[in-house]
Amino acid sequence: MATIRLGDTAPDFTAETSQGTLNFYDYLGDGWGILFSHPADFTPVCTTELGTAAKFKSEFDKRNVKMMALSVDGADSHNEWIKDINETQETLVNFPIIADEDRKVSDLYDMIHPNADDTLTVRSVFIVGPDKKVKLILTYPASTGRNFYELLRVIDSLQLTAHHKVATPANWKNGEKVVVSPSIPTHEAKEIFTKGVEEIKPYLRMTPDPTA
Ligand code: BEZ
């Protein structure tokens, strides 16, 4: 198991899931992907997270992002648990959950942190670009459910900054002003960003979202 870092190629795998055997790269196709792990089936925080993920699926779809979850229990257990998630969270889980009983994918992605728990996966998130490179890694403890608004927010930033020479400031949300990339001199930025460039400091230049 090698440490995965930003910019690395996301390891491919074929795994049993709640929707049958799937190959990760085939499943992603040429779009974006989000792979996120859960400590175990039939646990309360995970139940709310998967219900929330299902409710957010249309937002991920809009951004061409395919979701794949993971938990270290088997596919039969996942499918029983999904019934509970659908019932209690009033939704339909509509994406696959990897049945990682042999810890193959968890090990590949370093999702088990033995000093936190030596058998269960922590709450890892990997966002993978269409080039299959890892664009974002988050690691949360079992006791803290993730914020799916933040995941959408960071995907908006990743997709914007992949195509425009900008970066997104603290607490940025889709449509708000962005920062001009430090590598672009202000005179060039003024030609590129026709909506205007505000130079607050030579290194801090703001411009309206070029896609808004
Ligand atoms: C949960 O998903 O609720 C959970 C799982 C493992 C430890 C603590 C909470």
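These legends walk you through several close-up views of one predicted model. Residue numbers start at 1 in each chain and follow the sequence as written. Because the model is predicted, local features need pLDDT of at least 70 and side-chain atom pairs count only at pLDDT 80 or more, while totals for chains, interfaces and linings use all residues.

**Figure 1. The whole protein chain, to get your bearings.** The C-alpha trace spans about 60 × 40 × 30 Å along its principal axes. Of the 212 residues, 30% are buried; that label asks for 20 or more other C-beta atoms within 10 Å of a residue's own, exposed means 12 or fewer, and partly exposed lies in between, with C-beta atoms placed from the backbone. Among contacts with a separation of 6 or more, 64% join residues 24 or more positions apart; a contact here is two C-beta atoms, placed from the backbone, within 7 Å. Domain 1 covers 14-145 and domain 2 covers 164-207, with bounds from an automatic or database domain assignment. Their centres, taken over C-alpha atoms, are 35 Å apart.

**Figure 2. Helix H6 and its two sides.** H6 takes in residues 148-163, 16 residues in total, and its first and last C-alpha atoms are 23 Å apart, close to the expected 22 Å. That expectation is 1.5 Å times one less than the number of residues. Leu151, Ile155 and Ser157 are the buried residues of H6. They lie on the same side of the helix because they cover an arc of only 160 degrees around the axis, judged by the directions from the helix axis to the C-beta atoms. Tyr149, Glu150 and His163 are exposed on the other side of H6. The packing partners of the buried residues are strands S3 (32-38), S4 (65-71) and S6 (123-128).

**Figure 3. Helix H2 under its cover.** H2 runs over residues 44-55, and its end C-alpha atoms are 17 Å apart, which agrees with the 16 Å that its twelve residues should span. Its buried residues are Cys46, Thr47, Glu49, Leu50, Gly51, Ala53 and Ala54. Their cover includes S3, S4 and H6, together with helices H3 (57-62) and H4 (75-89).

**Figure 4. The surroundings of the ligand.** Pro39, Ala40, Thr43, Pro44, Val45, Cys46, Ala142 and Ser143 surround the ligand, each with its C-beta atom, placed from the backbone, within 6 Å of it. This shell has six nonpolar residues, two polar and no charged. Here Ala, Val, Leu, Ile, Met, Phe, Trp, Tyr, Cys and Pro count as nonpolar, Asp, Glu, Lys and Arg as charged, and the others, Gly among them, as polar.

**Figure 5. Val134 and its partners.** Val134 sits in strand S7, residues 134-140, and is partly exposed, with 19 other C-beta atoms within 10 Å. Beyond neighbours within four places in sequence, it contacts Ile4, Leu6, Gly7, Asp8, Ala10, Phe126 and Val128. Ile4 is 130 residues away along the chain, yet the C-alpha atoms of Ile4 and Val134 are separated by 8.1 Å.

**Figure 6. Two loop residues with positive phi.** Most residues other than glycine have a negative phi. Arg103, in the loop between strand S5 (97-99) and helix H5 (104-108), has a positive phi of about 65 degrees. Asp110, in the loop between H5 and S6, has a positive phi of about 55 degrees.

Key. Helices (H or I, at least four residues) and strands (E, at least two) are DSSP runs, numbered from the N terminus.
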